[in-house]
Amino acid sequence: MIDVRSKSAPSKSALAGRNIVVTRPAGQAHRLADLIRAAGGCAVLFPALEIRDVADTQPLERLVARLEEFDLAIFVSANAVNRAMSLIAVRRALPAKLKFATVGAGSLRELQRFGVKEAICPASRFDSEALLELPQLRDVNGKRVVIFRGQGGRVLLADTLTERGAKVEYAECYRRVKPAADAATWLELWQKHAPDAVTVTSSEGLRNLFEMAGQKGQNMLIKSNLFVPHPRIAKVARALGLDNVIVTAAGDEGLVQGLIEWFDAEAQ
């Protein structure tokens with residue numbers, strides 16, 4: 001595994017002529033794709049995750065109705081912000097005392113889009129571990145916390161906050177499914193675009209991509225440069241037999257910076 005997380009400002013010409021696969025869900029890949037194009041590259045969209053509403057929205061609706069009971073609302077992803085805040089916006093006003101927290105820059109931007117001016121968020125490493133290290137999340141004894149997330153997400157936040165004395169509830173507001181694309185679609189993409197790199201932004205998306213690729217596609221992936229923004233995803237990649245893994249800084253900007261630095265170094 002190679003780690004590319006320096007803060008230098010490399011040349012943006014490095015991605016010229018490079019085909020970069022973007023595996024974010026459809027409708028959520030535009031920011032990363034635009035950054036790749038701005039750096040001279042070609043963004044090749046191949047969603048490895050699909051975001052859908054939960055089958056039963058009543059538990060979420062009931063929780064939103066009693067939102068004033070909580071001291072802190074945590075959003076684990078931009079999807080959580082979009083689904084939850086869209087519902088809240090048509091159902092009620094936000095409680096004045098409610099504080100907000102999120103794990104990443106994309107989620108923070110989405111909260112700001114819904115009018116939330118202040119939110120607790122890590123400054124650099126965007127994950128649950130970094131959020132839990134912040135002072136505001138350490139002193140939660142007696143606080144009531146709601147975590148907006150997808151179905152079946154990580155339990156680290158809730159377990160740790162409970163250990164610290166908080167009363168925690170989940171609000172599951174979306175579900176993640178594997179897209180219908182199959183190995184034939186993946187091979188057609190590969191033959192048409194001859195990707196120079198593949199970007200993956202979640203462990204679940206990586207597992208889906210590996211399954212969707214089929215045996216022949218998996219052999220191609222094993223030989224590919226895989227760019228990921230978190231060591232946890234790199235660990236999953238290694239378990240799947242993918243060795244050419246480059247860990248970048250967090251977020252879309254971090255991914256593109258890592259791509260630029262990698263191809264700059266290759267060109268030299």
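My entries follow, grouped by topic.

**Before starting**

I am working with a predicted model, so I kept in mind that local features need pLDDT of at least 70.

**Entry 1: α3 against α4**

I began with helix α3, residues 78–91, and helix α4, residues 105–113. I found their axes 8 Å apart, packing at an angle of about 20°. Angles under 35 degrees count as roughly parallel, so I wrote α3 down as roughly parallel to α4. I also noted that α3 and α4 cross in the right-handed sense.

Which residues make this contact? From α3 I listed A78, V81, N82 and M85. From α4 I listed G106, S107, E110, L111 and R113. Sorting the contact of α3 with α4 by class, I got four nonpolar, three polar and two charged residues.

**Entry 2: α2 against α3**

Next I turned to α2 and its packing on α3. Here the angle is about 55°, and the axes lie 10 Å apart. That angle makes α2 oblique to α3. I checked the handedness too: α2 passes α3 in a right-handed crossing.

On the α2 side I noted L60, E61 and V64, which meet L87, I88 and R91 of α3. By class, I have four nonpolar and two charged residues in this contact, with no polar ones.

**Entry 3: salt bridges**

How many salt bridges does the structure hold? I have 19 in my notes, and I looked up a few of them.

Then I looked at E69, which forms a salt bridge with R66. I noted 2.9 Å between the closest N and O atoms of E69 and R66. E69 has a relative accessible area of 31%, which makes it partly exposed. R66 counts as partly exposed as well, with 25% relative accessibility.

My last pair was K97 with D71, a salt bridge whose closest N and O atoms are 3.5 Å apart. I liked this one, as the pair links distant parts of the chain, 26 residues apart. K97 sits in the loop between α3 and β6 (99–102), while D71 sits in the loop between α2 (58–65) and β5 (72–75). I have K97 as partly exposed, with a relative accessible area of 47%. D71 is partly exposed too, with 21%; the cut-off for buried is under 20%.

**Entry 4: L72**

I then looked up L72, which has its place in strand β5. Buried or exposed? L72 counts as buried, because its relative accessibility is 8% and buried means under 20%.

What does L72 touch, leaving aside its neighbours within four places in sequence? I listed L98, K99, F100, A101, I120, L137, R144, V145 and V146.

The C-alpha atoms of L72 and H193 are separated by 46 Å, and the two residues are 121 residues apart along the chain.

I placed A194 in the loop between α8 (183–193) and β9 (197–199). At 49% relative accessibility, A194 counts as partly exposed; exposed would need over 50%.

I stayed in this part of the chain for T185, found in helix α8. T185 counts as partly exposed, with 35% relative accessibility. From the C-alpha atom of T185 to that of A119 I have 41 Å, for residues that are 66 apart along the chain.

How values were computed: Residues numbered from 1 in each chain as written. Predicted model: local features only at pLDDT ≥ 70, side-chain atom pairs only at ≥ 80, totals over all residues. Heavy atoms only, no water. Axes fitted to C-alpha atoms, helices over the stretch in contact; angles between N-to-C directions. Helix = DSSP H or I, 4+ residues; strand = E, 2+ residues; numbered from the N terminus. Parallel < 35°, antiparallel > 145°, perpendicular 65-115°, else oblique. Left-handed = near helix turned anticlockwise from the far one by under 90°. Contact = heavy atoms within 4.5 Å. Nonpolar A, V, L, I, M, F, W, Y, C, P; charged D, E, K, R; others polar. Salt bridge = Lys/Arg side-chain N within 4 Å of Asp/Glu carboxyl O. Buried < 20%, exposed > 50% of the residue type's maximum accessible area, 1.4 Å probe, protein only.
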